[in-house]
Amino acid sequence: MAGTSLFKAFNASVNGQKWIGNSGANQHMIASESLLHDTVDVSKLELLVSHPNGISAKIDKIGNMNLSSSLTLFYVF
């Protein structure tokens, strides 16, 4: 595993869904905005994120997501 000494991984459960996080990630994305708070509608900006398989996804909202009482991800797409 490349970078195991640089990055930390963690496991979390949010509303019964399991998450595996990577502290080296520079973007965080979820499929449903239901877990986000403090959201901002950015749909008019036409922002796209390209996935490794070549498919692009439009970003409609950006918000914060609590993974636990002490861990929050900010600017989640």
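In which sense do strands S3 and S6 pair, and over how many bridges? In this predicted model, S3 and S6 (residues 61-68) pair in the antiparallel sense, over three bridges.

**The three-strand sheet**
- The sheet is open and has three strands in the order S3-S6-S7, with antiparallel pairing.
- Strand S3 (37-41) and strand S7 (71-76) stand at the edges with a single partner strand each, so one side of each is left without a neighbour in the sheet.
- From one strand to the next, the twist averages 15°.
- As a general point, the strands of a sheet pair through backbone hydrogen bonds, in either a parallel or an antiparallel arrangement.

**The hairpin of S4 and S5**
- Strand S4 (residues 47-50) and strand S5 (residues 56-59) run antiparallel and are joined by four bridges, and the bridge partner of Ser50 in S5 is Ser56.
- Five residues lie between the two strands of this hairpin, in which Gly54 takes a positive phi near 95°.

**The largest pocket**
- The largest pocket holds about 240 Å³ of space, and its lining is made up of 13 residues, of which Ile30, Ala31, Lys58, Asp60 and Phe77 lie nearest the centre.
- S5, the strand that S4 joins through four bridges, gives the most to this lining, with three residues.
- Sorted by class, the lining of the largest pocket comprises seven nonpolar, two polar and four charged residues.

Conventions
Residues numbered from 1 in each chain as written. Predicted model: local features only at pLDDT ≥ 70, side-chain atom pairs only at ≥ 80, totals over all residues. Heavy atoms only, no water. Pairing = 2+ DSSP bridges. Axes fitted to C-alpha atoms, helices over the stretch in contact; angles between N-to-C directions. 1 Å grid on protein atoms, 1.4 Å probe; cavity = no way out; pocket = protein on both sides within 12 Å on 5 of 7 lines; lining within 4 Å. Points joined across faces, edges and corners; volume = space filled by probe spheres on them. Nonpolar A, V, L, I, M, F, W, Y, C, P; charged D, E, K, R; others polar.
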